[in-house]
Amino acid sequence: MEIRLEDDRVTRLTKTGLPFVTIRRIAEPHDMSWIDIDYSGLIARCVRHLADLGHRHVALVNRSAELVAAGYGPSHRALAGFRRRRWNGG
């Protein structure tokens with residue numbers, strides 16, 4: 001859990017050749033098994049819903065600046081979804 005976009009733990013586990021599954025995923029999760037929520041899609045749908053209700057000013061309250069800076073995947077994916085659905089007609 002608490003997987004970062006670039007995560008040494010995943011690299012080390014992959015090198016062992018042992019099967020493993022992560023909760024969340026790295027930036028490029030090729031050749032690994034993982035389970036995750038589509039944070040980007042979820043946030044984009046929430047923003048769209050709020051816009052459909054007539055809201056025009058919405059803020060994203062994300063994880064701490066330290067987790068974002070450390071590459072915490074869900075925080076980056078949430079921000080991507082939020083930016084994808086900006087208010088300029090998106």
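Trainee: Leaving aside its neighbours within four places in sequence, which residues is Asn62 in contact with?
Mentor: Asn62 is in contact with Val68, Ser75, Ala78 and Leu79. Contact here means heavy atoms within 4.5 Å. Keep in mind that this is a predicted model, where local features need pLDDT of at least 70, side-chain atom pairs count only at pLDDT 80 or more, and totals for chains, interfaces and linings use all residues. Residues are numbered from 1 along each chain as its sequence is written, and side-chain values use heavy atoms, with hydrogens and water left out.
Trainee: OK, and where does Asn62 lie?
Mentor: In the loop between α2 (39–52) and α3 (65–69). Helices (H or I, at least four residues) and strands (E, at least two) are DSSP runs, numbered from the N terminus.
Trainee: What does the side chain of Asn62 reach?
Mentor: The backbone oxygen of Ser75, at 3.0 Å. As for His76, 14 residues from Asn62 along the chain, the two C-alpha atoms are separated by 9.0 Å.
Trainee: Why is Asn62 called partly exposed?
Mentor: Because its relative accessible area is 30%. Buried means under 20% relative accessible area, exposed over 50%, and partly exposed in between (1.4 Å probe, protein chains only).
Trainee: Switching topic: how many salt bridges are there?
Mentor: The count comes to 3, taking a salt bridge as a side-chain nitrogen of Lys or Arg within 4 Å of a carboxyl oxygen of Asp or Glu. Side chains of opposite charge can pair when their charged atoms come close.
Trainee: Which residue does Arg25 form a salt bridge with?
Mentor: Asp36, with the closest N and O atoms 2.6 Å apart. That pair links distant parts of the chain, 11 residues apart: Arg25 is in the loop between β1 (21–23) and β2 (33–35), and Asp36 is in the loop between β2 and α2. Arg25 counts as buried at 16% relative accessibility, while Asp36 counts as partly exposed at 22%.
Trainee: And where do Arg48 and Asp52 lie?
Mentor: Both are in helix α2, 4 residues apart, which is about one turn of the helix. Arg48 is partly exposed at 26%, and Asp52 is exposed at 57%.
Trainee: What about Asp7, buried or exposed?
Mentor: Buried, at 8% relative accessibility. Asp7 forms a salt bridge with Arg9, the closest N and O atoms being 2.7 Å apart, and Arg9 is partly exposed at 36%.

Technical notes. A polar contact is a pair of N or O atoms within 3.5 Å; within protein, one must be able to donate a hydrogen and the other to accept it, and residues adjacent in sequence count only if both atoms are side-chain atoms.
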